[in-house]
Amino acid sequence: MQTPTIAGSAQPKLARGVRLQTDFKTGNSVLLFPEGILELNETAEEIITRCDGRTVSQITQALAEEYNVDLEMLAADVRETLADLQRRKLIELI
């Protein structure tokens, strides 16, 4: 699969009306939005919690350092996750 082209300087943020919350029944992180709910896997949760004004490059670097993983492989995963969330209109890139 081709890595989505999201600039490293892009700043992802939750779209208007979307919020990150913990599901009280399961304890899992979810994105709540007007049309429904999306349960996040651990990777997506780690990415979303860092969408606080940081750039895609900064998010990737922080995750690579925290989990001691290959930066190039992680960058592709981060961009793929963000592209999926953007297609679903759950995040915006500024």
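1. Let's start with Ser29, which sits in strand S3, spanning residues 29–33. Strands here are DSSP runs of E with at least two residues, helices are runs of H or I with at least four residues, and both are numbered from the N terminus. This is a predicted model, in which local features need pLDDT of at least 70, side-chain atom pairs count only at pLDDT 80 or more, and totals for chains, interfaces and linings use all residues. Residues are numbered from 1 along each chain as its sequence is written, and side-chain values use heavy atoms, with hydrogens and water left out.

2. Is Ser29 buried or exposed? Ser29 counts as buried because its relative accessibility is 8%. For this note, buried means under 20% relative accessible area, exposed means over 50%, and partly exposed is in between (1.4 Å probe, protein chains only).

3. Setting aside neighbours within four places in sequence, Ser29 is in contact (heavy atoms within 4.5 Å) with residues including Leu20, Leu38 and Glu45.

4. How many salt bridges does the structure hold? There are 6, each being a side-chain nitrogen of Lys or Arg within 4 Å of a carboxyl oxygen of Asp or Glu. Side chains of opposite charge can pair when their charged atoms come close.

5. One of these pairs is Glu66 with Arg50, whose closest N and O atoms are 2.4 Å apart. Arg50 is buried at 8% relative accessible area, whereas Glu66 is partly exposed at 48%.

6. Please look at helix H3 (residues 71–87) too: Arg87 and Asp84 both lie there, 3 residues apart, about one turn of the helix. They form a salt bridge with closest N and O atoms 3.9 Å apart. Arg87 counts as exposed, at 57% relative accessibility.

7. Asp84 has another salt-bridge partner in Arg88, with 3.3 Å between the closest N and O atoms. Elsewhere, salt bridges that share partners join Glu46, Arg50 and Glu66 into one network.
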